[in-house]
Structure formats: C-alpha cells, structure tokens
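The paragraphs below lead through one protein model, going from its overall layout to a single residue. Keep the sequence and the structure in view while reading.

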Amino acid sequence: MAQRTESSTTVEAPPAEVLAVVTDLEAYPEWAGGITEVEVLETDADGRPLQARLTMSSGPVRDTLLVGYEWAVTTAGTGTMSWSLVEPGRVTSLMDGSYELVGQGDGTRVTYRLEVDVAISMPGLLRRKAEKVITDAALKDLKKRVEG
C-alpha cells in the first residue's frame, strides 16, 4: 500500500500568481522536470483543467497517464488543487497529489502532497524516497517558475 509524501516551500509571490502557474498544465513541460507533454481534455467554467493526459519521462521510464483534477480554491488563489489517476499508465498504477496554497505575508506557502504506486515491484522505502525526490524537485521548479 502506498504512503503519502509531503513537502513545503514559501514562494515569494501572492497565491493568485502561484495558482496561475499550477493551473497552466500545458506549460508544465517548460518548467516541471519529468513532464514532457500535456494535453488538457476538459476544463471547468473557469477554464481550469478537469482532465488531462500527461506524458512523463524519467530516464528509461516513460508513461502516459489520464489525470483528473479537483479545485477548491478562492478567487485570491488560496486553497487546494488536487489530482488523481483516471486511467493508470503502463508503469504508474496510482497517483494522488495536491498543491495547497496558503497566503503568508507577501508570499505563498505551498505544500505538495504525493502518493504514487507503480506496477512493478518496488520496496516501500525506495518508493517513498522517489516520492520525496519528486515533491522536492516539483516545489523547486514551481518556485523558480513563479519567482523567475
């Protein structure tokens, strides 16, 4: 059974700016390591993605996933964007995650939560370490994209 990994950082920008970056899935290949293609298939009335096809590549592993998104955010940009697999990929059998955005002074506290499981046998400790690397890299990439 998969366990969730969590990491946080502070981004020096208001929540609405951070939300604009995490909402723009089609731009992820420009800044989010490991994501090579994104096709948004469905959006809500506010233009936020509800379903997208993501292609991810890490070394020799390449996987294409159908992901569903849920939005519990305010107009100020605070709240949570969460996602889960609608259809598993060849390698990825479970992926649940979220970005939680909380205003903090002039910036935003971003917490990234991720739970992943794969179709191949992998010890839990190794899987959690991989999740930690993914969450830390995602937050670093997001911070650089928003602040850069």
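In this predicted model, 7 strands make up an open sheet with antiparallel pairing, and their order across the sheet is β1-β7-β6-β5-β4-β3-β2. The edges are held by β1 (5-11) and β2 (35-43); each has a single partner strand, so one side of each is left without a neighbour in the sheet. On average, and ignoring direction, neighbouring strands are turned by 20 degrees against each other. Strands of a sheet pair through backbone hydrogen bonds.

Two of the pairings can be followed in detail. Glutamate 70 has serine 82 in β5 as its bridge partner.

What lies across the sheet strands? Helix α1 (residues 15-23) lies across β1, β3 (49-58), β4, β5, β6 (92-104) and β7 (107-118), and runs at about 160 degrees to β6.

Proline 15 belongs to this helix. Its relative accessible area is 10%, which is under the 20% limit, so proline 15 counts as buried. Leaving aside residues up to four places away in sequence, proline 15 touches Ala76, Gly77, Thr78, Leu101, Gly103, Gly107 and Thr108. Glycine 107 is 92 residues from proline 15 in sequence, yet their C-alpha atoms are 7.0 Å apart in space.

Methods. Residues are numbered from 1 along each chain as its sequence is written. This is a predicted model: local features need pLDDT of at least 70, side-chain atom pairs count only at pLDDT 80 or more; totals for chains, interfaces and linings use all residues. Side-chain values use heavy atoms; hydrogens and water are left out. Two strands pair if DSSP finds at least two bridges between them. Helices (H or I, at least four residues) and strands (E, at least two) are DSSP runs, numbered from the N terminus. Axes are lines fitted to C-alpha atoms, for helices over the stretch in contact, and angles run from 0 to 180 degrees between N-to-C directions. Contact means heavy atoms within 4.5 Å. Buried means under 20% relative accessible area, exposed over 50%, partly exposed in between (1.4 Å probe, protein chains only).
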